[in-house]
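This briefing goes with a single-chain model. Please have the sequence and the coordinates open while reading.

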Amino acid sequence: MRRNAIAIKKFPWISLALLLATYGIIGWQLSALESHWILWILAAVATVLLAVAVSSPWSKVRDGFASCFKSDSKAFLVAVTIAFFSVVIITWLHIFVHILVVLSASMLVRLDVQATRWSSRQSFWLIAIASLVSLALGAFMHIGLSHI
């Protein structure tokens with residue numbers, strides 16, 4: 001009994017609530033814009049990819065970035081790509097602020113889950129399922145409340 005109480009107490013409730021609220025707001029906004037179904041699929045795929053990126057071990061991410069700089073041509077291509085995306089981010093800053101908030105909330109959940117010694121697979125499933133459910137819940141809440 002005591003062990004279960006400690007596990008529940010260590011569960012990242014606050015960071016998970018922040019993640020749920022963040023994705024709920026994005027789902028609400030996508031629903032309010034009456035987005036095409038392709039945009040919903042892109043949002044779901046991006047959500048799962050973000051969960052994979054956040055929950056993967058950092059050594060794999062570091063090794064992936066390090067391989068981009070092994071040759072001069074790859075380093076030049078990476079520098080040009082980063083410069084291009086920097087201009088796009090600055091131009092569409094109002095959109096990328098939402099992405100940064102989602103990324104921050106996901107990373108906060110990952111850090112809290114990592115502190116409780118969950119595996120990468122468990123943190124992936126927690127982040128992915130919570131994010132997708134919250135995205136859909138935000139859309140359903142908008143639909144339900146807009147018809148009142």
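The points below cover the overall fold, the core, individual residues, the surface and the aromatic pairs.

The model is predicted. The chain has 7 helices and 0 strands, giving the pattern α-α-α-α-α-α-α along the sequence. Of its 148 residues, 28% count as buried.

**Overall fold and surface area**

- Among contacts between residues at least 6 apart in sequence, 77% join residues at least 24 apart.
- The chain has an accessible surface of about 10,600 Å². Carbon and sulfur atoms account for 75% of this surface.

**Nonpolar core**

- In soluble globular proteins, nonpolar side chains tend to be buried together.
- Here the largest nonpolar core holds 20 residues. Leu 16, Leu 19, Tyr 23, Val 109, Leu 126 and Ile 127 have the most contacts inside this core.
- Two or more residues of the core come from each of helix H2 (13–32), helix H3 (37–55), helix H6 (93–115) and helix H7 (120–146). H7 supplies the largest share, 6 residues.
- Leu 16 is in contact with Phe 11, Val 109, Leu 126 and Ala 130, leaving aside neighbours within four places in sequence.

**Residues of helix H2**

- Thr 22 lies in helix H2. Thr 22 counts as buried because its relative accessible area of 10% is under the 20% cut-off.
- Not counting residues up to four places away in sequence, Thr 22 touches Val 101, Val 102 and Ala 105.
- Ala 17 also lies in helix H2. Is Ala 17 buried or partly exposed? Its relative accessible area is 42%, so Ala 17 is partly exposed, since that value falls between the cut-offs of 20% and 50%.
- The C-alpha atom of Ala 17 is separated by 9.3 Å from that of Val 109. These two residues are 92 residues apart along the chain.

**Nonpolar surface patch**

- Which residues form a nonpolar patch on the surface? The patch consists of Trp 37, Ile 38, Leu 39, Ile 41, Leu 42, Val 45 and Leu 49. Together these residues have about 690 Å² of accessible area.
- Ile 38, one of the patch residues, lies in helix H3. With 42% relative accessibility, Ile 38 counts as partly exposed.

**Aromatic pairs**

- A pair of aromatic rings is described by the distance of the centres and the angle of the planes.
- A search of the whole structure finds 4 aromatic pairs.
- Phe 11 and Trp 13 form a tilted pair, at 4.6 Å centre to centre and with 55 degrees between the planes.
- Phe 11 also pairs with Trp 118, with ring centres 5.6 Å apart.
- The Phe 11 and Trp 118 pair links distant parts of the chain, 107 residues apart. Phe 11 is in the loop between helix H1 (2–10) and H2, and Trp 118 is in the loop between H6 and H7.
- Trp 118 counts as partly exposed, at 30% relative accessibility.
- Phe 11, Trp 13 and Trp 118 are linked into a cluster by ring pairs.

Note on methods
Residues numbered from 1 in each chain as written. Predicted model: local features only at pLDDT ≥ 70, side-chain atom pairs only at ≥ 80, totals over all residues. Heavy atoms only, no water. Core = buried A, V, L, I, M, F, W, Y, C linked by side-chain atoms within 4.5 Å. Buried < 20%, exposed > 50% of the residue type's maximum accessible area, 1.4 Å probe, protein only. Helix = DSSP H or I, 4+ residues; strand = E, 2+ residues; numbered from the N terminus. Contact = heavy atoms within 4.5 Å. Patch = residues over 30% accessible without salt bridge, like charges linked within 9 Å, V, L, I, M, F, W, Y side chains within 5 Å. Areas by Shrake-Rupley, 256 points an atom, 1.4 Å probe, with all protein chains shown as cover. Salt bridge = Lys/Arg side-chain N within 4 Å of Asp/Glu carboxyl O. Phe/Tyr/Trp six-rings, centres within 6.5 Å; stacked < 30°, edge-to-face > 60°.
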